[in-house]
Amino acid sequence: MARRPTPPGTPDRTGLGHVADLVRDAIPPLHPAGLPFVATPLVVALLGRRRKWLRRGGFAAAAATAAFFRHPHRVPPNRPNIVVAAADGQVALVDSAVPPAELNLGDAELPRVSIFLSVLDVHVQRTPVSGTVRDIVYRRGQFRSADLPEASSVNERNSVVLETDAGQLVTVVQIAGLLARRIVCDAKAGDKLAIGDTYGLIRFGSRVDTYFPAGTRPLVTPGQRTIGGETVLAELLS
């Protein structure tokens, strides 16, 4: 029996094409910010190809750095009024706190969830809600361990205020840690972002705080693991 021709655009599920699909699904892509950090040890490995220890060390460093800057695909839940985790990590705090003073959002405490990222976690940040970027404020500060409660107020940070279509404000704060010395934010004031969009990255251990509108009840507990762009942190009041 003659084999039926494969329609145009259909993925190749046999042979090398199938293997390529499996590899692509198993190995997440690299965030562009990580390219220089991966390229440097690769160059060292190639230049030191006659020295086994240098070659192996270079390739190992490149692999470890690529793992840190991995950028896996995520699919946000299809539910209205939810706030998803902006980062992978462990829930460190579920409490109420005053948003960063530089945002001029008032001195009333708002519900907050803090997520601590270890060096082994995915370090890209994702938009917790769909909305418009109302404000972005960067503040210099200290580099204390990100798992300490005071890190939210004294460490270097970058805050993004998002306004949903319903007019609710959700604020997400990237906080540098003991080893993190660089906060990357690709979003700009006025940008319209969809829930789960990648908007930034913190290098090498950090923390991300999310502030919700008053009256919001968080749905996570301290110690819980989160998946950025997928784990539901809270449901906004309609």
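Modeller: What follows is a conversation that begins with the whole chain and then turns to one strand and its surroundings. This is a predicted model, in which local features need pLDDT of at least 70 and side-chain atom pairs count only at pLDDT 80 or more, while totals for chains, interfaces and linings use all residues. Residues are numbered from 1 along each chain as its sequence is written, and side-chain values use heavy atoms, with hydrogens and water left out.

Colleague: How many helices and strands are there in the protein chain?

Modeller: Helices (H or I, at least four residues) and strands (E, at least two) are DSSP runs, numbered from the N terminus. Read in this way, the protein chain has 4 helices and 14 strands.

Colleague: What share of the residues in the protein chain is buried, and what does its accessible surface come to?

Modeller: A residue is called buried under 20% relative accessible area, exposed over 50%, and partly exposed in between (1.4 Å probe, protein chains only). Of the 238 residues in the protein chain, 42% are buried. Accessible areas come from the Shrake-Rupley method with a 1.4 Å probe, and for residues only the protein chains shown count as cover; the chain's accessible surface comes to about 12800 Å², with 58% of it belonging to carbon and sulfur atoms.

Colleague: In what order do the strands of the open sheet run?

Modeller: Strands of a sheet pair through backbone hydrogen bonds, either parallel or antiparallel. Two strands are taken to pair if DSSP finds at least two bridges between them. Here 8 strands form an open sheet in the order β9-β5-β6-β7-β11-β3-β2-β13, with antiparallel pairing. At the edges stand β9 (192-193) and β13 (225-226), each with a single partner strand, so one side of each has no neighbour in the sheet.

Colleague: Are the faces of β11 covered or open?

Modeller: Both are covered, with Ser-206, Val-208 and Thr-210 buried on one side and Arg-207, Asp-209 and Tyr-211 buried on the other.

Colleague: What does UniProt list for Ser-206?

Modeller: UniProt positions are given in the numbering used here, feature names are shortened, and annotations may be inferred rather than shown by experiment. An unreviewed UniProt entry lists Ser-206 for "active site", and the annotation "modified residue: Pyruvic acid (Ser)", also from an unreviewed entry, covers Ser-206. In the model, Ser-206 counts as buried because its relative accessibility is 0%.

Colleague: Which residues touch the most other members of the largest nonpolar core?

Modeller: A nonpolar core is a set of buried Ala, Val, Leu, Ile, Met, Phe, Trp, Tyr and Cys residues joined through side-chain atoms within 4.5 Å. The largest has 26 residues, of which Val-113, Val-208 and Leu-233 touch the most other members. At least two residues of this core come from each of β3, β6 (157-163), β7, β10 (198-202) and β14 (232-235). Apart from it lies another core, of 5 residues, among them Val-122, Val-124, Val-184 and Leu-201.

Colleague: What does the side chain of Ser-114 join in a polar contact?

Modeller: A polar contact is a pair of N or O atoms within 3.5 Å; within protein, one must be able to donate a hydrogen and the other to accept it, and residues adjacent in sequence count only if both atoms are side-chain atoms. Ser-114 lies in strand β3, and a polar contact of 2.6 Å joins its side chain to that of Asp-209. Ser-114 is buried, because its relative accessible area is 0%.
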